[in-house]
There are 2 protein chains.
Amino acid sequence: MSTAQSKNIIPRAQDFAAWYQDVVLQGDMAEPAEVVKGCMVIKANGYAVWERLQADLDRRFKATGHKNVYFPLLIPESFLRREAEHVEGFSPELAVVTHAGGKKLEEAYVVRPTSETIVGHFFSRWIQSWRDLPVLMNQWANVVRWELRTRMFLRTTEFLWQEGHTAHANEQEAREEAIRMLHVYAEVAEQVMAMPVIRGIKSRAEKFAGAERSYCIEAMMQNGLALQAGTSHELGQNFGKAFDVKFQTKEGTLEYVWQTSWGVSTRLIGGLIMTHSDDKGLVLPPKLAPVKVVIVPIFRKEEERAMVLEVAAKVAADLNAQGLTAEVDAREGYNPGHKFFHWEQRGVPVTIELGPRDVAAGTAVVKRRDLGTKESFPLEGLTGVVSGVLDRMQEDLLATAARRLRENTVTASSLDEVAGILTSATAEKGGGKFVMAHIKDDPACDARVKELKASVRCLPLVDEYDGPGKCIVTGETVSHRSVIAKSY
Amino acid sequence: MSTAQSKNIIPRAQDFAAWYQDVVLQGDMAEPAEVVKGCMVIKANGYAVWERLQADLDRRFKATGHKNVYFPLLIPESFLRREAEHVEGFSPELAVVTHAGGKKLEEAYVVRPTSETIVGHFFSRWIQSWRDLPVLMNQWANVVRWELRTRMFLRTTEFLWQEGHTAHANEQEAREEAIRMLHVYAEVAEQVMAMPVIRGIKSRAEKFAGAERSYCIEAMMQNGLALQAGTSHELGQNFGKAFDVKFQTKEGTLEYVWQTSWGVSTRLIGGLIMTHSDDKGLVLPPKLAPVKVVIVPIFRKEEERAMVLEVAAKVAADLNAQGLTAEVDAREGYNPGHKFFHWEQRGVPVTIELGPRDVAAGTAVVKRRDLGTKESFPLEGLTGVVSGVLDRMQEDLLATAARRLRENTVTASSLDEVAGILTSATAEKGGGKFVMAHIKDDPACDARVKELKASVRCLPLVDEYDGPGKCIVTGETVSHRSVIAKSY
């Protein structure tokens, strides 16, 4: 167990970015790797959260018929050039292997920024007939994108992610797949991460390089900024044409496959942190907390020690038997105050205080991380009580975040109004709002929003507002309001 | 489900290497990625086996106190040069990123071939006091080593692995850790993979570049060749000195940490295949089989179809309820013979044949993959029967492999005798034997064995032979016999 000094965290109100960095560091989530530009080390608590997210996502991918595979990290540079939009989008961000085995390579390899191209190559080898379709694959992998401005978890040169790649016999099936996986992402965000999201369609200007249409989930951080938390793409026949992935249809004709790709990454952890954490440090939803309960034994005299530790071990064993991961912090040389501070910063949902008087009274003090509330409960039946506290905490975190999203979402009916809202929101709290406005899906309209240092985040799949209206840029009628916001 | 044509597999006796390649391809385990030198795509069946191996290893790593973390893929080139033996060992195999983000980099990065150097860098930031020790970490990752001769799973340019990295306050603790993890590997090999291994110490000539001492597990493939299946290293204070990882001892002095590292990789899957598979294709031990049971329904008439499928679904549901992963192969357009052939090549441990007459009689025919034995059992109680068949298969695979290892291990007392044994073993069956011989741990002695196109595989941790004897090269007395063999 690390003895790294715990230090206080800069309050959100003072400097949101510095607060975030402090929470990540003090929460044992990650640490910048200055020696590798824009990279981080994912530390034990951060990786354990990622493992829990992975397990949940992976179960859902398998339940929807996908199988995991693994494609090479290195991609021949020429592959990227086969799809015009794709290479234009990714070439500024590529890391290139030019030498290997002590020699200059005849053709350089790029370190995968994403795998559509190499997947396309193999799809062309594997797919011949409609009988081979659909192909439903997923890969857990690392990718590298040379980003100018990086921030731990939110945007790092290397990140961990999953990328789904599927091929279908027609556009309709591919569309259904892309939307199905968007909903899977949204369910994990809401049900597991307690992070409400808006499910929507990216504008043409914001879609994935090489896609026909990109779907996304957008979350609101505590400062009102938007975070794109996951994307799902209809690739149309673009990569099928670039890599010659043709199949014989039932009718005997030859056609290019329709593909999708979809991904979420360690960026989700950044979103998780900026949704729930507070000025005391990390707050983890119980469903993702590697350790749900820490029991801190309190004693002064040696004869109290054995008694308290024995009861603490029993409480932990009972909790673990019910799948509520619990640990006793029996470290010597640290006082209880230090221990509570330590676990608070690491986001442990529930801490239990157990001293000689508690043991004598047959009780324990249960503290909830998010609210800071403390309450004494009988030791008998404590597991059930803690289980209920964890369930309520999971629900409350989602409710609080949903309220924040609702309260910080406003409508606007002109570009000036959008600008005014974003400017005052930024001035007030260094953050932003989600502004719902009618805007045409045209890169020229996106460009006007960009002038406000904001962007069109998405056109929601479901209109929760007031139907059609006039575009704030062109005046043309569009179906319903899009989300405009500043973003990470 | 793929319709890729099933084809026959070249028999082992005809061409072992071609047989191996066929088993890998037909078993849906992997496929060469010719467009990326020496790389492969790990396909669905192969990746599913890897997931099961990972889960089992990971559980054991955690049970021995290790936490998962993630270090950057890219390592500053200069880091490799800090440890003299390490850079000498790895520099011929490095892939180098010289350009990124559209520019030439000031300092190139290597794609990690292993992570001791970057881990050393971070250990120096994290470790100050004896209170910070031990540090017990593990990473699941991909690594790249530019190999000249590659073979799927056994040696690929990129491979997936785990690398444990630990730091300790003294040599004794580090040694215990390195040996503990070697035993973890051996237990997984034997208890899960049904692959018996010899636990031993590498000669100085064969140890990891930068280690003080390397431990290994060595397995015997069906052709008698040795496969190094896992290694665990005592790094001494070598990386501590190279990266200035010092800690204050309890006594107040400053000392360099003692480190270990240990790893197993997707190479294990190559060993698994070459231990159990046969001329019909892949054979998977039940504990690692993604699907343990496939039920093949048989019917001719439409009215039989519904009845048979209903019973098949019931059988599958019962098996799945007991954790025995089962599927019904209800594909249309394929005859039962094709289906059995298909699953046989993919290594499914048990297939169940279920036709109208079976249903009428209340029975089903259970076929065991390794022995090819077929037996009819009542449908009632079938789950228990299948569970027993799977358990016995797991045991029998280990027993068969252990017998092979025993029968193909011989002793020799001179270098000429070693040469004779290896030559005749190769002539007889294109393979080899494990020759137990006394040989001094001296690179000059290793060199003499290399002349025989073999190598000293290890000095077993436990002597199972006849104690001390004279070195076959120098005549000096050594403690006990080493394993000499040809290897992958």
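# Why is it called that?

Q: Which residue is the bridge partner of B:His99 in strand 6 of chain B?
A: That partner is B:Lys104. Keep in mind that this is a predicted model: local features need pLDDT of at least 70, side-chain atom pairs count only at pLDDT 80 or more, and totals for chains, interfaces and linings use all residues. As for the names, residues are numbered from 1 along each chain as its sequence is written, while chains are lettered from A and ligands numbered from 1 in the order in which they are written.

Q: What makes strand 5 and strand 6 of chain B a pair?
A: Strands (DSSP runs of E, at least two residues) are numbered from the N terminus, as are helices (runs of H or I, at least four residues). Two strands pair if DSSP finds at least two bridges between them. Strand 5 of chain B and strand 6 (residues 103-111) of chain B share 4 bridges and run antiparallel, so they count as a pair.

Q: How do you know that strand 5 of chain A is joined to strand 5 of chain B?
A: Count the bridges again: there are 5 between strand 5 of chain A and strand 5 (residues 95-100) of chain B, running antiparallel. One of the links ties A:Ala95 to B:Ala100.

Q: Why are strand 4 of chain A and strand 4 of chain B said to stand at the edges?
A: Look at the strand order in this open sheet of 6, which is 4(A)-6(A)-5(A)-5(B)-6(B)-4(B), paired antiparallel. Strand 4 (74-76) of each chain has a single partner strand, so one side of each goes without a neighbour in the sheet. Neighbouring strands are turned by 45° against each other on average, direction ignored. (Axes are lines fitted to C-alpha atoms, for helices over the stretch in contact, and angles run from 0 to 180 degrees between N-to-C directions.)

Q: What makes up the contact between chain A and chain B?
A: Each chain puts in residues: 44 from chain A and 44 from chain B. Contact here asks for C-beta atoms, placed from the backbone, within 7 Å. On the chain A side, strand 5 (residues 95-100) gives the most, with 6 residues. That side divides into 27 nonpolar, 10 polar and 7 charged residues. In this scheme Ala, Val, Leu, Ile, Met, Phe, Trp, Tyr, Cys and Pro are nonpolar, Asp, Glu, Lys and Arg are charged, and the others, Gly among them, are polar.

Q: Why do the copies meet through the same surface?
A: Because 100% of the interface residues of chain A are interface residues in chain B too.

Q: Why is B:Phe122 called buried?
A: Buried takes 20 or more other C-beta atoms within 10 Å of the residue's own (12 or fewer is exposed, in between is partly exposed; C-beta atoms are placed from the backbone). B:Phe122 has 23, so buried it is. This residue lies in helix 5 (residues 116-126) of chain B.

Q: Why is helix 8 of chain A described as largely enclosed?
A: In helix 8 (residues 267-276) of chain A, 10 of the 10 residues are buried, so the rest of the structure largely encloses the helix. Among them are A:Arg267, A:Gly270 and A:His276.

Definitions and conventions:
Contact = placed C-beta atoms within 7 Å.
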